[in-house]
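Take a walk through this structure, one element at a time.

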Amino acid sequence: MKDVPDIAMTIAREVEAFEGLLPAVERFLEANAIPARQAFLARLALEEMILNLIKHSQGGSNQIDVSIQRHPKELVIGIEDDGAPFDPRALPKKRFDQPLVERAPGGMGIHLVCSMMDDVRYGRRADRNRLEMDIRLPQ
Amino acid sequence: MAEIQETARADGITQVALVGKLDVRGLHAVDIKFHGYTAARRKPTLVDLTQLEFISSLGVGMLISCAKSMARHGAKMVLVNPQPLVAEVLAAVGVPEIIPVVGGIDEGLQALKVA
């Protein structure tokens, strides 16, 4: 049985709209007693992938659909938009072995999501991108 | 939200603590100040992460950008005592290979002296 309803919201493709989503996310995580590690990963997934869309997505409307579902064994975070096709898993692997003076500070967000989430799935249906990220819950 | 707290020192080393959540909102709150304490001063710097609860790639980018600017002027940054999940993020993007990460202030001072 769920303690609180899942999150399903549509926000504008703007930083201010993402920031406006965060209180609802915090309430959801707290009300569901999501453990610290899984809550941290949920915040990370949402920030990295939504800000990436805000910064780089091209075409489509100005809207992003965001969902967080609590299943018995995992959290599933969904992000959907109607911009140009974009599969973050298909990006070339980022190199992190350059010395400090050669390191560019950007390009780390998608790598963090793909390496720290338990599963990342992407699909394109009806001209929409659908990204799902799983975060396993302790049993 | 995030904030910066500076600990006054008499040895020419800057010691600052990042506190709270270094997400997009936290970055807005501390970015300019952090650059002021680090990249602008160009002095050896300890960044205490003990009370930093969250960091995203934006926060990591701020640390790298300032450490890089300092390095160009011969000054070193050391990160001190990150919480386990913050340490995991830093490790995932190779930060410990370019900015030393240590367990405590004394160890951080030692790392600055070795530089």
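A:A33 sits in the loop that joins helix 1 (15–31) to helix 2 of chain A. This is a predicted model. The phi of A:A33 is near 50 degrees, a positive value in a residue other than glycine. Most residues other than glycine have a negative phi. A:A33 also counts as exposed, because its relative accessibility is 60%, and the cut-off for exposed is over 50%.

Next comes helix 2 of chain A. How do the axes of helix 2 and helix 3 of chain A cross? They come within 9 Å and cross at roughly 140 degrees. That angle makes helix 2 of chain A oblique to helix 3 of chain A. The crossing is left-handed. On the side of helix 2 of chain A, the residues that meet the partner are A:L41, A:L44, A:A45, A:E48, A:M49 and A:N52. Helix 3 of chain A answers with A:G109, A:I110, A:L112, A:V113 and A:M116.

A:A126 counts as exposed, because its relative accessibility is 71%. A:D127 belongs to the loop between strand 4 and strand 5 of chain A. A:D127 has a positive phi of about 60 degrees although it is not a glycine. At 58% relative accessibility, A:D127 counts as exposed.

Now step into strand 5 (residues 128–136) of chain A, where A:D134 lies. Is A:D134 buried or exposed? A:D134 is buried, because its relative accessible area is 12% and buried means under 20%. Leaving out residues up to four places away in sequence, A:D134 touches A:E74, A:L75, A:V76, A:M117, A:D118, A:D119 and A:R121.

Turn to chain B. The axes of its helix 1 (residues 24–37) and helix 2 come within 10 Å and cross at roughly 10 degrees. So helix 1 of chain B is roughly parallel to helix 2 of chain B. Helix 1 of chain B makes this contact with B:V24, B:L27, B:V30, B:D31, B:F34 and B:H35. Helix 2 of chain B brings B:L58, B:G59, B:M62, B:L63, B:S65 and B:C66.

Helix 3 (residues 84–92) of chain B has B:L85, B:V86, B:V89 and B:L90 buried. These residues lie on the same side of helix 3 of chain B, because they cover an arc of only 145 degrees around the axis. What do they pack against? In chain A, the partners are helix 2 and helix 3 (109–116). In chain B, they are strand 4 (52–55), helix 2 (57–72) and strand 5 (77–80). After helix 3 of chain B comes B:G94, with a positive phi near 75 degrees.

Last, the core. The largest nonpolar core has 76 residues, and A:M133, B:L18 and B:F34 have the most contacts inside it. Its largest share, eleven residues, comes from helix 2 (residues 36–56) of chain A. A second, separate core has eight residues, including B:I13, B:V78, B:L109 and B:A111. Back in the largest core, B:L18 is one of the residues with the most contacts. Beyond its neighbours within four places in sequence, B:L18 is in contact with residues including B:I4, B:V30, B:F34, B:V47, B:L52 and B:M62.

Methods:
Residues numbered from 1 in each chain as written. Chains lettered and ligands numbered in written order. Predicted model: local features only at pLDDT ≥ 70, side-chain atom pairs only at ≥ 80, totals over all residues. Heavy atoms only, no water. Core = buried A, V, L, I, M, F, W, Y, C linked by side-chain atoms within 4.5 Å. Buried < 20%, exposed > 50% of the residue type's maximum accessible area, 1.4 Å probe, protein only. Helix = DSSP H or I, 4+ residues; strand = E, 2+ residues; numbered from the N terminus. Contact = heavy atoms within 4.5 Å. Arc of directions from axis to C-beta. Axes fitted to C-alpha atoms, helices over the stretch in contact; angles between N-to-C directions. Parallel < 35°, antiparallel > 145°, perpendicular 65-115°, else oblique. Left-handed = near helix turned anticlockwise from the far one by under 90°.
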